[in-house]
Amino acid sequence: MVVTKPFLSSPDSVDGSAAYPYTSLPNEAETDGIPVADCQQRMKGMTILLCAFWALVAFLACVGLVSTWYSSEVVMLLRPPLPPRGVAEGVSAKSYGLRLRMPSYPWTKRMLDWQRTAFHFQPKKNWMNGPMYYKGWYHLFYQYNPEAAVWGTIVWGHAVSRNLIHWRHLPIALTSDEWYDINGVWTGSATILPDGQIMMLYTGSTNETVQVQNLAYPDDPSDPLLIDWVKYSRNPVLVPPPDIDIHDFRDPTTAWLTPKGKWRFTIGSKVNETGISLVYDTVDFKNFELLSGSLHSVPGTGMWECVDFYPVSQTEESGLDTSANGKEVKHVVKASLDDDRNDYYALGTYDEVTAKWVPDDPNIDVGIGLRYDYGKFYASKSFFDEKKNRRVLWGWIPETDGEHVDIKKGWSSLQSIPRTVLLDKKTGSNIVQWPVEELESLRLDSWEFHNVAMEPGSVLALDVGSTSQLDITAEFEIDEEVLGRLKEGDEVYHCVTSGGAAQRGALGPFGLLVLADESLSEQTPVYFYVAKGTNGSLKTFFCADESRSSEATDVLKLIYGTTVTVLEGEKLTVRILVDHSVLESFAQGGRTCITSRVYPTNAIDEEAKLFLFNNATEAKVTASLKIWQMDSAYIHSPTELKSLKNPQNVSS
């Protein structure tokens with residue numbers, strides 16, 4: 001155990017802050033008391049952002065579990081593995097829930113109540129995993145089990161919002177009541193036709209568990225709330241092609257218009273172990289033509305779920321309609337891999353004539369390269385918001401505690417904060433994701449810390465009041481003198497395999513300890529680690545370490561992360577959204593994102609603290625931060641339908 005000298009020798013420092021030794025994340029930290037830092041500037045403010053607009057496109061996050069979410073190192077914790085539950089046991093074989101053979105922690109009601117988020121969307125109870133939007137209202141159609149907090153009888157729950165933040169529950173939209181969807185109303189996507197018709201294609205699991213595509217449409221298109229839905233009388237409209245397995249045909253995308261005036265969409269599948277996206281053309285969404293080949297395929301990636309396909313502009317800082325194409329447009333193909341439960345994407349070029357997409361770089365093709373998020377984020381889908389000219393991305397955040405705990409607390413999983421998506425104009429080789437601007441309307445009191453110096457091996461407590469609901473922005477700079485004289489660093493470092501924040505190197509790790517108790521017995525570091533190569537080049541890693549996030553024994557506590565591109569002249573920057581048991585972190589303006597689920601037992605309510613830390617052995621780091629406490633979003637019940645139908649009565 002290494003104990004280094006704090007950079008401030010006493011609590012009576014000139015800036016009112018106090019530091020104490022960083023002890024490489026000991027098994028049992030021994031701290032007599034932690035002085036905290038006073039902020040240099042305190043501000044209070046709240047901005048109310050309202051939006052009411054017409055829109056296009058819908059999204060429903062896919063069927064998902066986490067049976068292979070975790071890395072191979074964690075599989076040992078699951079010994080011996082339990083067989084998957086299937087329809088015979090009353091649920092889909094894709095049931096979510098970690099039924100770990102691990103000692104059950106004595107969870108209290110206070111601990112479980114604290115885990116429920118305040119500004120992420122989730123149902124009042126039970127299990128969910130997905131979202132949509134229309135006529136001035138965002139519509140969230142999500143897969144929902146009204147009977148239990150586990151995967152089971154899946155129907156479409158329904159909620160609406162004016163601003164993507166505050167939500168109102170509506171009655172269930174679609175139930176699994178027909179032979180073609182009796183085993184579940186699964187993922188779907190909506191297309192709004194020029195005449196205003198809404199065509200919703202969705203996957204149903206039949207009475208024989210065959211995956212088929214069905215059509216639904218609103219009973220009253222003039223109703224902006226889309227309360228009632230009708231299933232097409234001749235469903236299913238599509239069945240698996242002859243060479244496709246009956247369990248590998250799901251998740252139709254939003255359709256885009258071809259130059260010939262047809263609507264085109266894709267469906268995820270696989271052939272052997274090659275992930276593919278089948279392509280269909282249609283005029284009326286009732287009769288279809290299967291095109292030869294596929295939009296794209298990648299050997300070795302397995303089943304592609306929740307495929308998404310959309311354009312991004314190479315020149316404009318705005319989103320594009322799904323049908324857009326041209327010389328200044330790149331196209332994103334994204335697939336949720338059923339084999340490892342991660343969302344992968346790639347940039348490329350789409351040929352409208354051949355209906356083929358080619359990646360810019362085959363070395364980082366779909367499923368073998370870039371990911372939307374390097375934490376717990378799956379089954380995502382995007383839509384084009386024509387009112388604000390932006391593309392908005394949603395993702396599903398699962399639980400990583402035991403299924404028995406979900407049943408005890410009465411709910412499971414939630415939606416990510418909606419994110420805008422743009423092509424990174426500086427690199428040209430990746431997208432950037434950022435929380436929608438409406439989230440800023442929840443900001444309350446704020447604190448600013450400027451040029452806080454962190455010596456190697458130091459930890460600094462930040463006095464920002466309650467830390468269960470925060471919006472944190474921070475930037476870090478490494479001392480140039482250290483960078484100049486250091487010959488080389490740790491070239492073999494990797495977030496997942498190099499010991500997390502406890503592994504010390506010359507230039508890292510450094511960042512923030514989120515949801516930590518005062519003794520540091522529980523903490524979740526979100527941090528950077530810089531490695532310097534023999535040729536003088538720098539490689540920057542962005543990581544989140546859950547290994548000490550909880551003293552509970554029946555939760556998964558992993559380390560996530562990857563490299564992040566840092567261009568010349570850029571500082572290291574991060575934004576962290578803290579919402580009880582969910583952390584969403586965005587590095588370098590959203591080039592790399594990590595979503596974490598944490599279940600602390602001590603670091604909750606007023607015992608949850610926030611710290612800066614620098615566990616590097618040589619690097620001196622300067623940090624500047626702005627931190628807001630966040631208000632809670634509100635979710636109303638279905639009893640308010642009468643007031644909702646008069647938009648003038650509702651502001652958000």
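Modeller: I576 in strand 36 is the bridge partner of I472. The model is predicted: local features need pLDDT of at least 70, side-chain atom pairs count only at pLDDT 80 or more, and totals for chains, interfaces and linings use all residues. Residues are numbered from 1 along each chain as its sequence is written, and side-chain values use heavy atoms, with hydrogens and water left out.

Strand 31 (residues 469-478) runs antiparallel to strand 36, with 8 bridges between them; two strands pair if DSSP finds at least two bridges between them. Strands (E, at least two residues) and helices (H or I, at least four) are DSSP runs numbered from the N terminus. Strand 36 also pairs in the antiparallel sense with strand 37 (residues 582-587), over 6 bridges. There, D579 has V582 of strand 37 as its bridge partner. Strands 36 and 37 form a hairpin with 2 residues between them, and H580 in the turn has a positive phi of about 55 degrees.

Of the 8 residues in strand 36 (residues 572-579), 7 are buried, where buried means under 20% relative accessible area, exposed over 50% and partly exposed in between (1.4 Å probe, protein chains only).

As for the cysteines, a search of the whole structure finds 1 disulfide, defined as a pair of cysteine sulfur atoms within 2.5 Å. This disulfide joins C495 to C543, S to S 2.0 Å. The two cysteines are 48 residues apart, C495 in the loop between helix 4 (480-485) and strand 32 (510-516), C543 in strand 34 (residues 538-545). C495 counts as buried because its relative accessibility is 0%.
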